[in-house]
Amino acid sequence: MEMFLQSLISGLLVGGLYAIIGLGMSLIMGVLKIINLAHGQLMMVAMYVSWSAWNYLGIDPYLSVVLSVPFTFYLAKFLSKYLLNPLIEKDSILPENQVLMTVGIGMVLVELARFLFTSDYRSVQTSYTGQAWDLGGVSISIPLLIAFIVSLLLTAGLFYLLMKTDLGRSIRATAQDRLAASLMGVSAEKITVLTYGIGSALIAAAGTFFLPIFYLYPDVGPEFTAKAFVITILGGLGSTVGAITGGIVLALAETFGATYLSSGYRDAYGLIIFLLVLVFLPGGLKSLTKV
Amino acid sequence: MHNDKFISKSEIGIFIFALALPFIFDFSPYIQGLLIFVVLWVVLGTSWNLLAGYTGQVSFGHAAFFGIGAYAAGVPFFLFKVSPWWGLLFGGITAVILGYLLGIVVFRLRGPYFALGTLAAAEILRIAFGQEEWLTNGHNGILYMTTWVSKYPYYFIILAIAAGTILTVKVVMRRREGYYFLSIREDEDAASAIGINASKYKNISMGLSSFWAGMAGAFYFIYMGFIDPETVFALHNISIISILVGIIGGVGTIWGPAIGAIIMVLLQETFRSAFFGFAPQWVSGMHAFVFGLLVIFVILYLPGGVVGDWDLIRKKLHLKRKSEMKK
């Protein structure tokens with residue numbers, strides 16, 4: 001029973017973090033209609049920014065969010081403006097050109113990180129690293145809990161932004177119908193760039209709060225890219241609620257699978273669910289609830 | 001589209017040159033190894049191109065076929081000490097069977113979802129082959145003493161596989177099936193509407209593509225004498241590089257992936273060896289970085305790849321020369 005509770009609680013907490021990764025991906029997928037295969041790599045960039053701030057300047061990783069998020073936001077805006085947007089009008093044999101471009105971007109980011117920081121595993125040692133609450137046999141990691149709360153706040157913030165502000169309305173309009181939105185006076189190009197920036201800023205925030213939990217190395221990204229698209233498809237495209245449920249379902253599947261089936265297959269469970277969802281439930285969990 | 005001769009004189013010339021290469025020059029084992037890798041990538045890029053470039057099914061899981069081919073040679077050796085050379089028979093066939101099984105799932109998906117589906121399938125295989133130790137020896141991999149010390153026999157074998165791959169693409173693209181592939185790439189619904197059995201021809205394309213990738217995998221085990229799941233099912237080092245080789249050379253062209261493979265290996269090796277020792281040592285860390293930059297450049301400015309946009313390149317160079325002359 002304790003093992004069950006422990007799996008459940010850590011699954012839920014990790015699920016909150018996954019949700020925030022999925023949200024950024026879902027947003028980008030909705031507006032740009034592409035799979036951003038540089039997603040985890042942008043997160044890696046943010047993590048290195050925070051790590052550098054901690055290592056060289058002694059700034060607490062939670063505070064360095066004010067550095068890593070803007071940095072990633074502007075980097076992503078630059079990338080989408082000069083590398084992704086020009087491809088929309090380009091004629092090419094394969095329509096997946098933008099996706100392939102994100103592969104190239106991801107590769108360059110990883111190699112740049114490897115060049116600047118070497119392949120060594122890095123971690124941040126703070127007073128709260130490894131701290132845990134003990135609740136009658138079930139322990140809750142403090143950094144994980146903080147990251148969970150932050151991701152809830154970010155989700156709420158994004159929900160507000162999308163639903164209640166003009167910018168959010170423009171983003172949703174562009175996602176629904178690019179042409180119609182631009183006829184209504186929305187600059188689709190600007191919105192695209194901004195969306196890529198916001199999506200990346202979300203994952204940058206997630207990365208910074210992961211820093212006290214996970215090891216950091218240049219190849220950390222692809223694993224999170226994979227998780228992001230699993231979550232997005234699982235939850236349903238372009239759905240905030242879907243990304244949260246997707247994230248939690250994935251995390252629960254991973255923790256319970258690792259506890260009760262086989263821990264070696266931990267990373268495979270998500271992918272298997274992903275294939276099953278793609279084939280049998282193409283709309284994701286969203287299509288079940290009609291939210 | 002194919003009014004020209006089936007095999008042009010220059011193509012025969014290239015093949016004879018490739019055959020004669022070891023007899024003309026006295027290469028060091030290092031260069032011999034590079035040659036083998038170039039040709040190996042020609043096979044992988046060309047086979048990916050048949051499925052993606054000609055049929056429009058952009059797979060991000062080509063490593064699945066390469067890996068299963070390698071293990072088709074490796075597993076019988078590991079379990080029953082069967083010579084890995086049988087892999088050249090089993091490798092391709094096993095990959096075709098895997099391709100058919102995967103197709104049942106992934107061909108229900110389109111565009112980016114197909115890409116993700118194939119990626120997920122290859123990753124699941126990578127994890128599974130690392131876990132099922134009774135079958136694959138897990139992460140310890142399978143080790144075998146290679147038959148020959150000299151690299152030349154291996155060079156001729158992979159050259160034969162590459163010739164087979166390119167010939168397959170040439171033959172099939174001249175036939176009815178080839179035109180069906182193209183019509184599926186351009187518009188799958190329209191192709192189905194005029195009576196083309198899209199799922200059948202996608203399976204044929206996948207079968208041919210996976211066969212040669214599987215052969216390449218079996219060759220890899222015979223040549224290297226060692227495989228483990230992380231190498232042969234690698235997402236980045238196999239699946240993604242297969243794509244990038246095709247993109248740089250030019251998707252949907254016969255010789256594009258071959259040119260892409262040569263560019264990729266030459267560029268990476270030049271940087272890895274720090275311009276053969278002439279540049280400072282730190283340059284060697286930049287090999288993958290420079291390759292990534294090249295990919296970005298090609299997608300932005302040469303969407304058809306080096307071969308597909310060759311006319312464009314020639315025109316640009318030509319204009320430049322003219323304007324220099326005016327000065």
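How are α7(A) and α9(A) oriented to each other, roughly parallel or roughly perpendicular? The angle settles it. Helix α7 (residues 166–176) of chain A packs against helix α9 (residues 188–210) of chain A at about 105°. Angles of 65 to 115 degrees count as roughly perpendicular, and therefore α7(A) and α9(A) are roughly perpendicular to each other. Their axes lie 10 Å apart. On the α7(A) side, the contact is made by S170(A), I171(A) and T174(A). A188(A), I191(A) and T195(A) meet them from α9(A). By class, this contact has three nonpolar and three polar residues, and no charged ones.

**Confidence**

This is a predicted model. Chain A has an average pLDDT of 87. In that chain, 99% of the residues score at least 70. Among the elements of chain A, helix α3 (residues 65–84) has the highest mean pLDDT, 94. The lowest mean, 70, belongs to helix α13 (residues 286–289) of chain A. Where pLDDT is low, the predicted coordinates should not be read in detail.

**The two chains**

Chain A has 13 helices and two strands. Its radius of gyration is 19 Å, close to the 19 Å that the globule rule gives for 291 residues, so chain A is as compact as a globular protein of that length. Chain B has 16 helices and two strands. A compact globule of 327 residues would have a radius of gyration near 20 Å, and chain B agrees, with 20 Å.

Further values for each chain are set out below.

| Chain | Box of C-alpha atoms, along the principal axes | Buried residues |
|---|---|---|
| Chain A | roughly 60 × 45 × 40 Å | 53% of 291 residues |
| Chain B | roughly 70 × 60 × 35 Å | 46% of 327 residues |

Contacts can also be sorted by separation in sequence. Take the contacts in chain A with a separation of 6 or more: residues 24 or more positions apart account for 77% of them. In chain B, among contacts between residues at least 6 apart, 77% join residues at least 24 apart.

**Where the chains meet**

The interface puts 38 residues of chain B in contact with 39 residues of chain A. On the chain B side, the elements that give two or more residues are α2 (29–54), α5 (111–131), α12 (235–249) and α14 (287–301). The largest share of that side comes from α5(B), with 13 residues. By class, the side of chain B that touches chain A has 27 nonpolar residues, nine polar ones and two charged ones.

**Two lysines with positive phi**

Most residues other than glycine have a negative phi. K33(A) is not a glycine, yet has a positive phi of about 60°. K33(A) sits in the loop between α1 (2–32) and α2 (39–57) of chain A. Is K33(A) exposed or partly exposed? K33(A) has 17 C-beta neighbours inside 10 Å, so this lysine counts as partly exposed.

In chain B, K81(B) also has a positive phi, near 55°. K81(B) lies in the loop between α3 (63–80) and α4 (87–106) of chain B. Within 10 Å, K81(B) has 9 other C-beta atoms. A residue with 12 or fewer counts as exposed, so K81(B) is exposed.

Terms used: Residues are numbered from 1 along each chain as its sequence is written. Chains are lettered from A and ligands numbered from 1 in the order in which they are written. This is a predicted model: local features need pLDDT of at least 70, side-chain atom pairs count only at pLDDT 80 or more; totals for chains, interfaces and linings use all residues. Two residues are in contact if their C-beta atoms, placed from the backbone, lie within 7 Å. Helices (H or I, at least four residues) and strands (E, at least two) are DSSP runs, numbered from the N terminus. Ala, Val, Leu, Ile, Met, Phe, Trp, Tyr, Cys and Pro count as nonpolar, Asp, Glu, Lys and Arg as charged, and the others, Gly among them, as polar. pLDDT is the predictor's confidence in each residue, from 0 to 100. The radius of gyration is taken over C-alpha atoms; the globule rule is 2.2 Å times the number of residues to the power 0.38. A residue is buried if 20 or more other C-beta atoms lie within 10 Å of its own, exposed if 12 or fewer, and partly exposed in between; C-beta atoms are placed from the backbone. Axes are lines fitted to C-alpha atoms, for helices over the stretch in contact, and angles run from 0 to 180 degrees between N-to-C directions. Angles under 35 degrees count as roughly parallel, over 145 as roughly antiparallel, 65 to 115 as roughly perpendicular and the rest as oblique.
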